[in-house]
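Please look over the sequence and the structure below before reading on. The paragraphs that follow go through the sheet, the spaces between the atoms and a few single residues.

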Amino acid sequence: MARPLRIEYAGALYHITARGNAQADIYHADKDRVSFLDLLKNTCERHHWLCHAYCLMDNHYHLLIETQSPTLSKGMKYLNGTYTQQFNRRHKRVGHVFQGRYKAILIEKDAYLLELCRYIVLNPVRARMVRSAKDWRWSSYRATAGLVEITEGLTVDWVLGNFGRQRRRAMEGYKAFVKEGKNPPSPWEKLRNQVYLGSDEFVEHAQCQISDEQSLNDIPKPQKLAPIKPLTHYIERYPRNEGMAKAYLSGHYSLAKVGEAYGVSYATVSRAVKVWESR
């Protein structure tokens with residue numbers, strides 16, 4: 001199976017997740033989370049990253065990272081690799097901590113950065129681990145909202161700049177923005193080609209960043225954009241579930257857009273895609 005394509009360039013923005021091996025916890029104690037945040041700070045310094053948001057759950061984490069130079073793979077190798085070594089030493093164990101490779105979604109900054117900053121810090125609320133984002137110590141919310149000192153490695157200027165020039169007023173605007181987002185539609189309804197969240201122009205720009213030295217044989221089929229076929233092509237030519245899966249996997253339509261054409265929810269389309277891919 002081809003490894004997922006990593007598109008790396010200066011100024012790229014990624015939503016990154018990594019999960020515990022066999023769904024096991026990757027943090028056993030507060031000391032583990034502190035260790036991870038220290039490594040995240042070091043990674044940002046070494047590899048010229050900007051961290052706009054983060055949330056450490058029990059068996060996975062979320063990061064929103066902007067790379068000022070094309071260092072995503074190098075930085076993630078350092079972050080996950082070093083954390084694994086430290087975790088294993090601390091808990092006197094061996095073996096993998098993380099399940100396979102991390103997942104990185106390429107994000108259109110102006111359109112989705114704010115939405116994803118909110119989505120990330122609300123993870124513990126959606127999981128019913130806490131009632132409010134401010135109650136979870138292990139996310140970027142408290143620092144961005146001015147409730148605690150800003151964590152080293154975290155940058156809040158771009159996020160707060162969307163809510164005003166005066167810092168205190170901007171923090172109040174940010175808190176209201178997060179509070180209003182407890183039950184929003186999932187941003188992943190609009191995911192394109194399984195690796196992009198953005199407009200057609202953004203996807204085209206990102207594809208242009210692929211190195212000439214990278215063989216197209218290394219790119220999984222769902223990431224190769226074929227000529228656009230209208231949704232009626234899939235509706236008329238294939239059985240419903242197959243048509244929905246093929247339309248989404250063409251890379252030109254989001255789950256929500258396919259669902260709209262077929263008169264079903266994006267979740268129904270997502271299930272059809274999973275069934276089709278597991279054949």
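Two strands are said to pair if DSSP finds at least two bridges between them. Helices (H or I, at least four residues) and strands (E, at least two) are themselves DSSP runs, numbered from the N terminus. The model is a predicted one, in which local features need pLDDT of at least 70 and side-chain atom pairs count only at pLDDT 80 or more, while totals for chains, interfaces and linings use all residues. Residues are numbered from 1 along each chain as its sequence is written, and side-chain values use heavy atoms, with hydrogens and water left out.

The chain contains twelve helices and five strands. Of its 279 residues, 49% count as buried, where buried means under 20% relative accessible area, exposed means over 50%, and partly exposed lies in between (1.4 Å probe, protein chains only). A contact means heavy atoms within 4.5 Å. Among the contacts in the chain with a separation of 6 or more, 69% are between residues 24 or more positions apart.

Strands of a sheet pair through backbone hydrogen bonds, either parallel or antiparallel. Here five strands form an open sheet with mixed pairing, in the order β2-β3-β1-β4-β5. The edges are taken by β2 and β5, each with a single partner strand, so one side of each has no neighbour in the sheet. Helix α2 (residues 72-90) packs on the sheet and touches β1, β2, β3 and β4. The direction of α2 makes about 145° with that of β3; for such angles, axes are lines fitted to C-alpha atoms, for helices over the stretch in contact, and the values run from 0 to 180 degrees between N-to-C directions.

A hairpin of three residues leads from β2 to β3. Across this pair, L56 stands opposite Y61 in β3. Seven of the eight residues of β2 are buried, so the strand is largely enclosed by the rest of the structure.

Strand β4 (residues 103-107) has two partners. Five bridges join β4 to strand β1 (residues 12-19), and the two run antiparallel; in this pair H15 stands opposite I105 in β4. Two bridges join β4 to strand β5 (residues 196-197), and these two run parallel. The bridge partner of L106 in β5 is Y196. Four of the five residues of β4 are buried, and the strand is mostly covered.

Next come the spaces. Rolling a probe the size of a water molecule over the atoms shows where empty space is left. On a 1 Å grid over the protein atoms alone, a cavity is a set of points where a 1.4 Å probe fits but cannot get out, and a pocket is an open set with protein on both sides within 12 Å along at least five of seven lines; lining residues have an atom within 4 Å of a point. Grid points are joined across faces, edges and corners, and a volume is the space filled by probe spheres set on the points.

The second largest pocket holds about 280 Å³ of space. Its lining has 14 residues, and L37, Y54, W138, E149 and T151 lie nearest its centre. Helix α1 (residues 30-47) gives the most to this lining, with four residues. By class, the lining of the pocket has six nonpolar, two polar and six charged residues; Ala, Val, Leu, Ile, Met, Phe, Trp, Tyr, Cys and Pro count as nonpolar, Asp, Glu, Lys and Arg as charged, and the others, Gly among them, as polar.

There are two cavities of 30 Å³ or more. The second largest cavity has a volume of about 50 Å³, and its lining includes E115, R118, Y119 and P187. Helix α3 (residues 109-121) gives the most to the lining of this cavity, with three residues.

Which residues does S139 touch, leaving out those up to four places away in sequence? They are Y54, C55 and V121. S139 lies in the loop between α4 (123-126) and α5 (141-144), and it is buried, at 2% relative accessibility.

Most residues other than glycine have a negative phi, and most peptide bonds are trans. Q23, which is not a glycine, has a positive phi of about 65°. Q23 sits in the loop between β1 and α1 and is exposed, with a relative accessible area of 66%. R128 also has a positive phi, near 60°. R128 lies in the loop between α4 and α5 and is exposed, with a relative accessible area of 79%.
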